[in-house]
Amino acid sequence: MTTSTHLDSLQHTQALVREVLRLFPPSWLLTRRVKRQTQLADYTIDARSTVLVCPYTAHRDAREHSEPDRFQPERWLDDSGSSAKPGVFLSFGTGPHGCDGAALAMAMLTLLTAQTARRHHVSEPPGPEPSYQVTTLEGLAPVGLRLRATLRS
């Protein structure tokens, strides 16, 4: 059984989970209310304005992620892709308004992934590439995504 005592030794699994969340964040759109007038690059944002942040596109910024559309979990195994750098990993938001459960979610996803991989071989059967649709203001759901899990011998 894979348990929380294994988390420190599951760096590659954590990197895989982080890369999946980078490419397919749970919320594709975050909203924030500006408290006071703010200058952002060449833009002035008025107080009480609503700002939209899109982790889906921010995670594909080549200035922060080399080959941003490529699934590359190893990018999270060294300091150059560190999620500690503000604005680089937005799957759970960032700063004081980030998700309070981010650490718990990462631990649970890592343990679930490790346990599943230990017991099953997971593959995608042949067929068309899945597409995506917006299901709510924040949801981006795969359409046509199929997975096959077979027990490992």
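Which residue's side chain meets that of Asp61 in a salt bridge?

What we have here is a predicted model, where local features need pLDDT of at least 70, side-chain atom pairs count only at pLDDT 80 or more, and totals for chains, interfaces and linings use all residues. Residues are numbered from 1 along each chain as its sequence is written, and side-chain values use heavy atoms, with hydrogens and water left out.

Let's start with the overall layout. The protein chain has 3 helices and 8 strands. The C-alpha trace spans about 60 × 40 × 25 Å along its principal axes.

How much of the chain is buried? Of its 153 residues, 29% are. For us, buried is under 20% relative accessible area, exposed is over 50%, and partly exposed is in between, using a 1.4 Å probe and protein chains only. The chain exposes about 10,600 Å², and carbon and sulfur atoms supply 56% of that. Those areas come from the Shrake-Rupley method with a 1.4 Å probe, and for residues only the protein chains shown count as cover. As for contacts, meaning heavy atoms within 4.5 Å, take those between residues at least 6 apart in sequence: 58% of them join residues at least 24 apart.

Now, back to my opening question. The partner of Asp61 is Arg63, with 2.8 Å from N to O. A salt bridge here is a side-chain nitrogen of Lys or Arg within 4 Å of a carboxyl oxygen of Asp or Glu. Arg63 counts as exposed because its relative accessible area is 72%. Asp69 has a salt bridge too, with Arg60, at 3.5 Å from N to O. Asp69 is also out in the open, so to speak: at 60% relative accessible area, it is exposed. In the whole structure, the search finds 5 salt bridges.

Another of these pairs sits in helix 1. Glu19 and Arg22 form a salt bridge, with their closest N and O atoms 2.9 Å apart. They are about one helical turn from each other, because they lie 3 residues apart in that helix. Are these two buried or exposed? Both of them are buried. Glu19 and Arg22 are also linked with Arg75 in a network of salt bridges.

Let's move to the inside. A nonpolar core is a set of buried Ala, Val, Leu, Ile, Met, Phe, Trp, Tyr and Cys residues joined through side-chain atoms within 4.5 Å. The largest one has 9 residues, among them Ala15, Leu21, Trp76, Phe89 and Met106. Helix 1 and helix 3, which covers 102-119, each supply at least two residues of this core. The largest share, 3 residues, comes from helix 1. Apart from this core lies another, of 5 residues, including Leu10, Leu111 and Ala114.

Some of those names come back when we look at Thr2, which is found in the segment before helix 1. Thr2 counts as buried because its relative accessible area is 16%. Leaving aside neighbours within four places in sequence, Thr2 is in contact with Leu10, Leu111, Ala114, Gln115 and Arg118. With Gln115 there is a side-chain to side-chain polar contact at 2.8 Å. A polar contact is a pair of N or O atoms within 3.5 Å; within protein, one must be able to donate a hydrogen and the other to accept it, and residues adjacent in sequence count only if both atoms are side-chain atoms.

Next, please find Gln14 in helix 1. A polar atom of its side chain lies 3.0 Å from the backbone oxygen of Leu7. Gln14 is partly exposed, at 28% relative accessible area.

Finally, the surface. Leu16, Val20, Phe24, Phe71 and Tyr132 form a nonpolar patch there, with about 410 Å² of accessible area together. Patches are made of residues with over 30% relative accessible area and no salt bridge, where like charges are joined within 9 Å and nonpolar side chains (Val, Leu, Ile, Met, Phe, Trp, Tyr) within 5 Å. Phe24 sits in the loop between helix 1 (11-23) and strand 1 (30-33), and counts as partly exposed at 38% relative accessibility.

Methods
Helix = DSSP H or I, 4+ residues; strand = E, 2+ residues; numbered from the N terminus.
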